Amino acid sequence: MKRILIYVFILLISKPTAAQWVLDYQFANSTTGVTSISVIDSNYVWFVAIDSINNRQIYKKENQALSTVNSSGIYRPNKLIAVNKDTAYMNAVNGRLYRTNNSGNNWLIIRDSVLFGYTYSIDVRYPDHVVAGQFENDSSISVLFTTSNGGMNWLRQGIPFTTEYTIFDVSIKDPAHIYAGMNCPGINCGSLRYWYTSNGGDNWLIKDISLVSNNMWILAPVFNINNTTGFLFAPGFNVYRFKSINAGINWSSPEYFSSGNTEGFVGIKNIDSTQTWFSASGLKIYKTTNDGVNWNEMNIPIAAGENIFTFDFIRVGNKYYGYLSTDKGKIYRLVESIFPIGITPISTVIPKSYSLNQNYPNPFNPVTKIRFNLPHSGYVKLSIYDALGKEVSLLVNENLQAGVYETDFDASNIPSGVYFYRLEAVDPLTPNPHEGKTLIVTETKKMVLIK
């Protein structure tokens, strides 16, 4: 009896090279700190630097050249989030929100009101969805505003904030999922708390988590592309990390992360919606490639007494690009290569729709190529089936970034015949009205093996 061997190809086993952080830039003033870093691609980065309380400057780095950006009339720029090299959003200490559409040559005030004393935090997605947490002087409470058109119109979210809890941090996963981490410095707070919506603000719910030590505030949760695995941090005298694997329904027991006395806390970053995350304390950066099952400390050549101010990472093709700044006026850079096995990104151009191309050659013997397009990052499965519907090979079973991909199917150990290959991809932006979940896009094509 002839045996049919079922081959399973393990793809995207990311094996980084031994990359090191290197000093990329040194400000003349050794006390200069960078309050914000936003990495766009391998050649373009935005910075906001501060060398005194009121002296702040915006910078951009393009093709290794650092230059200043116009900040005339902006009172103490603070957090900047860039969408691309032309468009960026920024908040200032006086509560104003700004946007530039021409690489910082001009800044447009997109939110300005005498009611607001300052802006706590902003976050941006897709690229015109913005969430901002602000403090209202008249009522002495926090307010949360969102916009879906880049700040042309703002919607005040109907959250019944109180004077006990104020917004500490905000995050927006997609237009439907928005989070606000709360601060409660008074004596009347019995829990850590964040507000969240999963339907774009139609309904808001409270999530309370037991207090940890004397920590009275938490950062807004950050979730992966499927809104399942996520992390949140409670900074204070000590910093604690929490993890959820069910979209925030339950959170793990607090895990000690660092000592606030000497390190503080900087943030967490999910890279391209894969299982890779980076988190940072004031002295260290940690990396996980399995959704936080294991965290590995990265080697950073900072000096004694030097602390990390902020950091950012992005994945471009088969490389991670990372930047971090310290309170000694230094900026460090990391470029880490990743070598996918069995699957190749064909183009960095983001396609407009999901599609599965016809394999080539077809008919084939014994190897053929399969190409597919992903307009959004997310979970992807590519399988081979025989004429009876039995899966004979699993080619892709991973979270992939948006792009065009190609992989080989080697049929050396299966008999001649008609086979089918099927692409399944989770579309994170299209709701499935039947299941209340994101839509799974599927496409199937036929191929012929002739030996």
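Strands are DSSP runs of E of at least two residues, numbered from the N terminus. In this predicted model, the chain contains 37 strands and zero helices. Of its 451 residues, 51% count as buried.

- Among contacts in the chain with a separation of 6 or more, 49% are made by residues 24 or more positions apart.

**Nonpolar cores**
- The largest nonpolar core has 23 residues, of which I370, F372, L374, V380, L382, I384 and F409 touch the most other members.
- At least two residues of this core come from each of strand 32 (367-374), strand 33 (378-385), strand 34 (391-400), strand 35 (403-410), strand 36 (417-432) and strand 37 (437-449).
- Another core, of 16 residues, lies apart from the largest one and includes L144, Y165, I167 and V170.

**Surroundings of L374**
- L374, one of the residues that touch the most other members of the largest core, is in contact with P351, Y354, V380, L400, Q401, A402, G403, Y405 and A425, when residues up to four places away in sequence are not counted.

**The loop residue S71**
- S71 is located in the loop between strand 6 (65-69) and strand 7 (77-82).
- S71 counts as buried because its relative accessibility is 15%, and the cut-off for buried is under 20%.
- Apart from neighbours within four places in sequence, S71 touches R56, Q57 and I58.

How values were computed: Residues numbered from 1 in each chain as written. Predicted model: local features only at pLDDT ≥ 70, side-chain atom pairs only at ≥ 80, totals over all residues. Heavy atoms only, no water. Core = buried A, V, L, I, M, F, W, Y, C linked by side-chain atoms within 4.5 Å. Buried < 20%, exposed > 50% of the residue type's maximum accessible area, 1.4 Å probe, protein only. Helix = DSSP H or I, 4+ residues; strand = E, 2+ residues; numbered from the N terminus. Contact = heavy atoms within 4.5 Å.
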